[in-house]
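This report is meant for a reader who is new to the structure shown below. Please keep the sequence and the model at hand while reading.

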Amino acid sequence: MSALLEAEQVTVGYGAAPVLHDVDLAVPAGAITAVLGANGAGKTTLLRTLSGLLRPARGRILLDGQDLRGVRVEEMVRRGVAHVPEGRGVVTELTVDENLRLGGLWRKDRADAKRALDEVYDLFEPLARRRRFPGHQLSGGERQMLALGRALVGRPRLLLLDEPSLGLAPKVTGQIMGLLRTLRDSTGLTVLLVEQNVRSALSVADTGVVMSLGRVVAGADAATLREDEDMRHAYLGF
Ligand SMILES: Nc1ncnc2c1ncn2[C@@H]1O[C@H](COP(=O)(O)OP(=O)(O)OP(=O)(O)O)[C@@H](O)[C@H]1O
């Protein structure tokens, strides 16, 4: 499998002290990759760096083999990279419909933006029923659907998802994981999924990387990670 996105020897932090150290990562195209690790391991920082929100102090990020140095976040979106941050980022004062339309505003092909919006309503029936509801009236699961749906309206090639299961009932988490699989299979979507919920992440992912203290300490296919008892005990807590 070829890599859609790569990090090479990336070191990055918020101030002088690095949070990520010499991180190498290859995100295979058309697959779901889970990023696992304890609190504070650097998973969110990795996602923010890959989406262009944080600039590496050293190392480089490549999309389709092209160095992303100097590429702005808006341009990343145009190139098909969508980042759904932890906390969901729904605009609570706007309606469901307005939130979803925000995800397609930048697109020149207005007819396809409309089609993508309709597809999201087909995927997320609870959103279709609540089109005119303001974001603050939605449940946690619905907000998560909305954040995901808004990203999908932009027809991304790569979805960077931070903790989509946070605060959700297991059933809703299962639905979201199932949807990621469906999108991978039907559209070839590439997903990088940060999750505390290791079991659910490894149940849906094709491959996984394990982070500890700002470093990638392991990378393997998901089945291998599920079965590696030493790894599970040392880093994954189950
Ligand atoms: N905005 C920030 N400013 C300074 N330090 C930060 C900032 N955000 C995160 N850090 C630090 O970077 C380290 C890695 O945090 P990060 O959020 O990337 O980890 P994580 O693996 O995503 O953990 P969690 O699951 O708790 O979100 C932590 O030590 C954290 O305190």
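## Around the ligand

Helix 1 (residues 43–50) contributes three residues to the shell around the ligand, the most of any element, where helices (H or I, at least four residues) and strands (E, at least two) are DSSP runs numbered from the N terminus. The model is predicted, and local features need pLDDT of at least 70, side-chain atom pairs count only at pLDDT 80 or more, while totals for chains, interfaces and linings use all residues. Residue numbers start from 1 along each chain as its sequence is written.

Among the residues around the ligand are Tyr14, Val19, Lys43, Thr44, Thr45 and Gln196, a residue being near a molecule if its C-beta atom, placed from the backbone, lies within 6 Å of it. The shell divides into three nonpolar residues, seven polar and one charged; here Ala, Val, Leu, Ile, Met, Phe, Trp, Tyr, Cys and Pro count as nonpolar, Asp, Glu, Lys and Arg as charged, and the others, Gly among them, as polar.

A hairpin of four residues joins strand 1 to strand 2, and Ala7 has Leu25 in strand 2 as its bridge partner. Strand 1 also runs antiparallel to strand 4 (residues 58–63), with five bridges between them, and here Leu5 is partnered by Leu63.

An open sheet of mixed pairing is formed by six strands in the order 6-7-8-3-9-10. Its edge strands, each pairing on one side only, are strand 6 (81–84) and strand 10 (215–221). Strand 9 (residues 207–212) pairs with strand 10 in the antiparallel sense over six bridges, and Ser212 stands opposite Arg215 in strand 10.

Note on methods. Two strands pair if DSSP finds at least two bridges between them.
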